Amino acid sequence: MAYFLASLCFLGSLLQTLDLCEFSASEFQLEGDYLIGGLFDIHHVNAPDYHDKPEAIDCSSQPFLLPNYRRFQLMRFSVEEINNSANLLPNVSLGYDIFDHCSDVQSFPDVLKLISVNGLINPRHEHHNKRSKISNVIGVVGPFTSTQVLSVAPLFMVDFIPMVSYGASSSVFSRKQNFPSFLRTVQPNKDVIEAIVNIVLHFKWSWVAFLNSDNDFGIDGRDFFIKRIKDTDICLAYTKDLNINTNFHQMFKRIEAQRVHTIIVFAPKGIAEAVIGSAIRLNVTNKVWIADDGWSLNKKLPKEKGIRKIGTIIGVSQPEVTIPGFNKFIYSEKNQTHCKYNGLSTKDIIDADPSFSFPVYSAVYTIAHALHKALQCGNDGCNNNVTVHPQMILAELKKSNFTLLNQTIEYDENGDPKFGYYYIVYWNHRGDAEKVGFFHFHPWVNFFINRTKIQWYKKGEVPTSICSQECPVGYAKNQNGIYKCCFNCEVCPNGTYINITEDPYHCLPCKDTEWSEPGSTSCSLRVVEYVPFTDSGAIMITVGAWILVGLTLAMSAVFAINYNTPVVRSAGGPMCFLILGCLTLCTVSVFVHFEKPTISFCVLRFLPFVLFYTVCLACFVVRSFQIVCIFKIAAKFPKIHIWWMKYHGQWLVIIVAFVTQALLFLINYSFHPPKPYNETIWYPDKIILGCNINVNEVLISTLLLGTLCFLCFIFSYMGKDLPKNYNEAKAITFCLLLLILTWIIFATVFMLYRGKYIQIFSALAILSSLFSFLFWYFLPKCYIIIFQPHKNTKQYFQDLIQNYTKTISQ
């Protein structure tokens, strides 16, 4: 196997020599105490050829890449400059062995030559057993692309031979477990993508296409872009992996169908030129093109005819760092070159795309400084007794810390540079890449674009690239399909608001203490309303309640003074005092309808009224029944009359009604007691303080009251023809009609109105219910007692009974 590899290496060297004659042998090789390998794709294979057996590639027959040739010359210049330096590597000469690495996956002979010793490659165990047999190549500068590095890096990683790439930016190389001796002087893809995303966000382009090369570099960049925009307003409308077989007509047709106006092209120079050239040829117009640092400083494309009509081109570029003495070096070298590229002028080389110039320059200096440290060099020279191994150079590379052209060269633990920044460039109408901003990421992120320098294709107006127009103020986005950038707009209803910085897709509900109109961007505090004691309506009802209490006390006094008179006895005797006392206790419910409700207030708003009003109705029921019983039932059903009188049936009925109602309240309030309640539904801008009373749970209590009312009607009707002084039917019926009418009116108002004055209506309904019995039952009897005493005699009542008896007998 070793001999096969050596033969392959020899074949590659032969072809390389044939290629060198096209330039000059001295251009690719330089003797020195220590060698640095160089891998530059001066020529490039556009499409790999597949063979049944290994075959070397004739690089000189492939397309020539002028920018890469310029970088190749920059490495030669850097080594020469170091050799002429009195401070760096004094008395030590650097040499180089540079190869035209023209294929991404097939240029192995040059790599094998770099890692060989005397034309042989020893197995790894032999290499470790024979420490003296090691390659004098202390490090390698290059290769340029990520795919090239992936292809050849394993051969260098085996023996920890340092590789310092000046162009490979794929994120995979940051994994030190896979690439332990790899460093780079260019920013990884994540930094380039970060700069591009910042540009897109700055101009608020949310609907973009991402075109990337179909290789490790492009796919890695696309994956980073998708990950980076995940939590932003940017949507990836279209993406495409590009290669030589790409159907550009179909691709641009899809982009037009998607109404995408911003296109990111993340690809090497050759593919980018194919994309832009196809856009010109296919008459693609009015787009914003964003270039990565691989082609943003392209010298050919800005001069292409028709480049202006495709739109505006901006990009991320490496800063154009002027390398002192490089132009002079090119002039001197050109005079010594006798190659077929004599038609290539010095100006052509100097004016070629300057991208990656400083990365090449800093890569060579990084290895030189590491060797300087490994050789323990000082002002007096270097220690020639030190045997330098690639691992020693690697260790020093990781600790790099020196200044080069005013930049501090350092690397992080992943071998990525801790130096560098990007320019934001715009291809102006003169065909130049004009600097319009910058993106710094060391030591902190700093981003700026001077948009006034950019002449947009829309003549001063920044182009837009969106799927849907932004929603008006107060509208939420309703996502339409899989893309969050495509949406319909819906106005936020009352009680909600939209905060586009927090969540533009959902209307957020206001708090219970807040309100909002439709289409609001914030909530306002609700006005808290209740009826205080100082309210005029509350004062009037409170005065009315106290009047009722005063009248009941006065009537109680009148009835007490005239207790043994026929009118008092016929009205119910002792039962009258019970009724008047219950009416007085019912007024407690009136007084607690005002001020801020509390639990005790909510309990007392209806409990005293319903409980004691039940007693009042029960009294009227038994009172009506007693009159009917005396005049009608006693004669027909004497046993019932005897039982009623013997066991005091009237009091049993009253007690049963009272106890039943009390038990119902106890059960209901034990499970769901009334409590303060904020009414926020009826009025969006108000909070009405009230009590939460479960109507379903007090339904049985209401039915009990209804039953007592019904019995009153029945017995009153049965006694409609009794003697006038014993006929309470009209009075009781009228009281009941007033009672029912009062609560029908209140129920109607309650269904239509829930404002703060509902408490006044409720208190008024209770007060009206109390006054109905007081005025239409007790007041007429007080009038007779006070103003018609002649009707309050036994003789008057006996005459009425005799007349009733005669009428019945006839």
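Author: **Salt bridges and their surroundings**

Leu 666 lies in helix H22 (residues 649-671); helices (H or I, at least four residues) and strands (E, at least two) are DSSP runs, numbered from the N terminus. This is a predicted model, in which local features need pLDDT of at least 70, side-chain atom pairs count only at pLDDT 80 or more, and totals for chains, interfaces and linings use all residues. Residues are numbered from 1 along each chain as its sequence is written, and side-chain values use heavy atoms, with hydrogens and water left out.

Leu 666 is exposed, at a relative accessible area of 54%; buried means under 20%, exposed over 50%, and partly exposed in between (1.4 Å probe, protein chains only).

Turning to the salt bridges, the whole structure holds 13 of them, each being a side-chain nitrogen of Lys or Arg within 4 Å of a carboxyl oxygen of Asp or Glu. One joins Asp 97 to Lys 113, with the closest N and O atoms 3.0 Å apart. Asp 97 belongs to strand E3 (residues 94-100) and Lys 113 to helix H4 (residues 108-115), so the pair ties together parts that are 16 residues apart in sequence. Asp 97 is buried at 9% relative accessible area, whereas Lys 113 is partly exposed at 24%.

Lys 347 and Asp 351 form another salt bridge (2.4 Å, N to O). Here Lys 347 is exposed at 56% and Asp 351 partly exposed at 35%.

In the salt bridge of Lys 477 with Glu 470 (3.5 Å, N to O), Lys 477 is buried at 12% and Glu 470 is exposed at 56%.
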